[in-house]
Amino acid sequence: MFKRILIANRGEIALRIIRACRELGIESVCVFSEEDRGADYLKLADKAICIGGAAPKNSYLKSDRIIAAAEVSGAEAIHPGYGFLAENHQFAEKCRTCNIEFIGPSADAMRQLGDKASARGIAKKAKVPIVPGIETLPEDEEELMVAVEKIGFPVMIKAAAGGGGRGMRIAHSKTHFKAALSQASQEAEAAFGNKTLYIEKLIEKPKHVEVQIIADNHNNIRHLGERDCTLQRRHQKLLEESPSPMIDSRTRRDLCTYAVRLAKTASYSSAGTVEFLVDEKGKPYFIEVNARIQVEHPVTEEVSGYDLIREQIRVAAGESLEFTQRSVQPTGHAIEARINAEDPAANFRPSAGPLDKFRVPGGPGVRVDTHGYQGMRVSPKYDSLIAKLIVHRPTREEAIRTMKRALREFEIAPIKTTIPFILRVLDHPDFVAGKIDTGFVERALLSDV
Ligand code: MV4
């Protein structure tokens, strides 16, 4: 096992990894920016190293400085958390070239899955259903139009290097297609430095369900069930839950089988998530793979009882997964609410500033993952996530009730947060009935009628 791990991240996920290290008897070294100097969670690490200025490009994205920090501190592995360098295959490669283990998949798997068009190819090879579409666009315009008309409008034009909703365009008909294509291409070039596109048929009113997987380097792959992430606003998830209230047991079994088959075909190792859209008839389609630990991993930890960060570290050290697929028996219902420093009454504008009051809820079935504390300042320079409130109860009904109780107990002032908005969601009959799609928030809670 590793003796020392460097954490290339900040905030709640850095703290989550520090805690996992401590339980495994591993020393943690946490890097930080000038902006995060003095942050409380850094005191829980065994060592903290400043790597540069506030802007991520001057610190948390400075791969050479991070590797140098690992070398001078004697860390044998780097945990990237989520965001920043977590899905950067060149960084994973660099770490391993420097004889530092990158806690994540192989650089090759990351590269192949990071290209969403290529990920579709892997899914196809694994006989996992994909949205009808075109991975490699013919250069010839006529030929392309014939192929698109075969799929049928409306279609979605996506950036191969995209993901998480960036660089997408819908074309409703042939007349709008050419303009949408060139706009998407320009956007992709500007956002990702890669203008490669692919096309899919538009799935209308989909649900978003993802499967958690974990694989070791000894050919063992397990799934840990699904999470429903349908509830989001402008591609920002607000609330995630497991199991999904929107699918039947057959769909659930199919999704998990698909996820494992795809991971095997990609020679995947480490923790990962396979994302699917489920259409109005309940039919699932693979869309992309997230080759990292995700923000919402705690809901899976709660229902499965497994510590995903711990397992991720163990398999990176070459150890085998110690549990069989049959031993994965999810129990109860877990929900996570994302508490962001944003003002829902002002179009979710970031609301940075002091935490004069920060009282965290507790009691049965409540977990709070946060780096926040009374007296902290929320920086406007980073992601607005300040806490994740996770509840785990025997049934969904009880989980909703506990979530409402805990959200009302949470006191954060004077900055604004997403708490009142999430409380509105939890009272909406369509959410309670588990009958929503990805357009729910905009339609039911944000339209001014
Ligand atoms: C789609 C889609 C409809 N049809 N693909 C958005 C994020 C990215 N991961 C994939 N996304 C979508 N892809 C096809 N072919 C609709 C979305 C989508 C969406 C997906 C998941 C969760 C929320 C969403 C909100 C808007 C659009």
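These notebook entries record what I looked up in the structure.

**Basis**

I worked from a predicted model, in which local features need pLDDT of at least 70, side-chain atom pairs count only at pLDDT 80 or more, and totals for chains, interfaces and linings use all residues. Residues are numbered from 1 along each chain as its sequence is written, and side-chain values use heavy atoms, with hydrogens and water left out.

**Domains**

I looked up the domain assignment, whose bounds come from an automatic or database source. The chain is given domain 1 (4-103), domain 2 (132-201) and domain 3 (207-445). I noted 37 Å between the centres of domain 1 and domain 2, taken over C-alpha atoms.

**Sheet β6-β9-β7-β8**

I took helices (H or I, at least four residues) and strands (E, at least two) as DSSP runs, numbered from the N terminus. Two strands pair if DSSP finds at least two bridges between them. I found four strands in an open, antiparallel sheet with the order β6-β9-β7-β8. Its edge strands, each pairing on one side only, are β6 (133-134) and β8 (166-171). Five bridges link β7 (residues 155-163) with β9 (residues 197-201) in the antiparallel sense; within this pairing, A159 has L197 of β9 as its bridge partner.

I then looked at helix α7 (residues 174-192), which lies across β7, β8 and β9 and runs at about 180 degrees to β8. Axes here are lines fitted to C-alpha atoms, for helices over the stretch in contact, and angles run from 0 to 180 degrees between N-to-C directions. Contact means heavy atoms within 4.5 Å.

**E135**

I located E135 in the loop between β6 and α6 (141-151). E135 is buried, with a relative accessible area of 16%. For this term I used under 20% relative accessible area as buried, over 50% as exposed and partly exposed in between (1.4 Å probe, protein chains only). The side chain of E135 makes a polar contact of 2.8 Å with that of R120 and another, also listed at 2.8 Å, with that of K124. A polar contact is a pair of N or O atoms within 3.5 Å; within protein, one must be able to donate a hydrogen and the other to accept it, and residues adjacent in sequence count only if both atoms are side-chain atoms. Not counting residues up to four places away in sequence, E135 also touches others, including A117, I130, L197 and Y198.

**H333**

I found H333 in strand β17 (residues 333-340). H333 counts as buried at 5% relative accessibility. Its side chain joins that of E241 through a polar contact of 2.7 Å. Leaving aside neighbours within four places in sequence, the contacts of H333 include S242, P243, V303, H392 and R393.

**Strand β21**

I noted that five of the five residues of β21 (residues 366-370) are buried, so this strand is largely enclosed by the rest of the structure. V366, V368 and T370 lie on one side, R367 and D369 on the other, and both faces are covered. Strand β21 runs antiparallel to β23 (residues 385-393), with five bridges between them; T370 has A387 as its bridge partner in β23.

**Cysteines**

I searched the whole structure for disulfides and found zero, a disulfide being a pair of cysteine sulfur atoms within 2.5 Å. The sulfur of C98 is 7.2 Å from the closest cysteine sulfur, in C95, which is too far for a bond. C229 is in no disulfide either, the nearest cysteine sulfur, in C256, being 13 Å away. I recorded C98 as partly exposed at 31% relative accessible area and C229 as buried at 1%.
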